[in-house]
Amino acid sequence: MSISHLSLVNQKLAYASAIIRLLNEYPARQPLEHQALVDAAVFHLAMGLHFYLRELAEHHRIKDLSAIDSVQDLVAALQQSDSTSSESSELLSLTETNETWLNQLTGYYAQLSKSPWKPKAKKAFGQENLIELVELNEADEAPLLKLTPELLASWLESFRALVLRQRDTSAEY
């Protein structure tokens, strides 16, 4: 019996829910344990999104499901097959709009997977009496969100509601 993308989405949402429940039941954790659980919840939410995108692609008969890793990949694949999808349009809107749960989730997950920034070595002989030029990078501009169990739970509930609503809508057709 093969495992469907639908069941993988449900599984990842259940895992995220269990982790968030652990965060709420034992709030006085060591910082390392707390951060590990927060990152695990984000990971499972991101994997739920990953499999949900593939579920949508499968529903729209996209052939190469393994090429779907982001909302933008799904939209591009649908455009290549001359299809449109209200689900993908909604997801794209949520990823492009600041302060939405999906934008925050994908942004936080992307930050987790970035390598640490290493400053360039300074030259031994600098010019005196000149102001040093400092290059800004994105890591300096966008610190990671402070995730709380409440924020994670709101992301989870928003994601669940979206999935259930979109599944109900697509089942009508």
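Helix axes are lines fitted to C-alpha atoms over the stretch in contact, and angles run from 0 to 180 degrees between N-to-C directions. The model shown is predicted.

**View 1. The α2/α5 contact.** The axes of α2 and α5 come within 10 Å and cross at roughly 115°. This crossing is left-handed. From α2, the contact takes in Q35, V38, D39, V42, F43, L45, A46, M47 and L49. Their partners in α5 are L102, L105, T106, Y108, Y109 and L112. By class, the contact of α2 with α5 holds 12 nonpolar, two polar and one charged residue.

**View 2. Overall fold, for orientation.** How many helices and strands does the protein have? The count is seven helices and zero strands. Along the sequence the pattern reads α-α-α-α-α-α-α. The protein has 173 residues, and 36% of them are buried. Take the contacts with a separation of 6 or more: residues 24 or more positions apart account for 64% of these.

**View 3. The largest nonpolar core.** This core contains 39 residues. Which of them touch the most other members? They are L152, W155 and F159. Two or more core residues come from each of α1 (5-25), α2 (31-59), α3 (71-80), α4 (86-96), α5 (101-112) and α7 (149-171). The largest share belongs to α2, with 11 residues. In soluble globular proteins, nonpolar side chains tend to be buried together.

**View 4. Close-up on L152.** L152 is one of the core residues with the most contacts to other members. Residues up to four places away in sequence are not counted here. What does L152 touch beyond them? The partners are I20, L23, V38, A41, V42, L45 and L147. Among these, V38, V42 and L45 also take part in the contact of α2 with α5.

**View 5. The α1/α2 pair.** The axes of α1 and α2 come within 8 Å and cross at roughly 160°. Angles over 145 degrees count as roughly antiparallel. The two helices, α1 and α2, are therefore roughly antiparallel to each other. α1 passes α2 in a left-handed crossing. The contact of α1 with α2 draws on 18 nonpolar residues, plus four polar and four charged ones.

View 6. A41 sits in helix α2. Is A41 buried or exposed? The cut-off for buried is under 20% relative accessible area. A41 has a relative accessible area of 0%, so A41 is buried. I19 is 22 residues apart from A41 along the chain, yet their C-alpha atoms are separated by 5.9 Å. Leaving out residues up to four places away in sequence, A41 touches A16, I19, I20 and L152.

**View 7. The α3/α4 pair.** The axes of α3 and α4 come within 9 Å and cross at roughly 145°. The crossing is left-handed. On the α3 side, the residues are V71, Q72, L74, V75 and L78. They meet S88, L91, L92 and T95 in α4. Six residues of the contact of α3 with α4 are nonpolar, three are polar and none is charged.

**View 8. Close-up on L74.** L74 belongs to helix α3. Its relative accessibility is 0%, so L74 counts as buried. What does L74 contact beyond its neighbours within four places in sequence? The list is L53, L56, A57, I68 and S88. S88 is in α4. L74 and I62 are 12 residues apart in sequence and 8.9 Å apart in space, C-alpha to C-alpha.

**View 9. Two loop residues with positive phi.** R61 is found in the loop between α2 and α3. Its phi is positive, about 60°, although R61 is not a glycine. The cut-off for exposed is over 50% relative accessible area. R61 reaches 72% relative accessibility and so counts as exposed. E99 lies in the loop between α4 and α5. E99 is not a glycine, but its phi is positive at about 70°. Is E99 buried or exposed? With a relative accessible area of 66%, E99 is exposed.

Notes:
Residues are numbered from 1 along each chain as its sequence is written. This is a predicted model: local features need pLDDT of at least 70, side-chain atom pairs count only at pLDDT 80 or more; totals for chains, interfaces and linings use all residues. Side-chain values use heavy atoms; hydrogens and water are left out. A nonpolar core is a set of buried Ala, Val, Leu, Ile, Met, Phe, Trp, Tyr and Cys residues joined through side-chain atoms within 4.5 Å. Buried means under 20% relative accessible area, exposed over 50%, partly exposed in between (1.4 Å probe, protein chains only). Helices (H or I, at least four residues) and strands (E, at least two) are DSSP runs, numbered from the N terminus. Contact means heavy atoms within 4.5 Å. Angles under 35 degrees count as roughly parallel, over 145 as roughly antiparallel, 65 to 115 as roughly perpendicular and the rest as oblique. A crossing is left-handed if the near helix is turned anticlockwise from the far one by less than a right angle, and right-handed if clockwise. Ala, Val, Leu, Ile, Met, Phe, Trp, Tyr, Cys and Pro count as nonpolar, Asp, Glu, Lys and Arg as charged, and the others, Gly among them, as polar.
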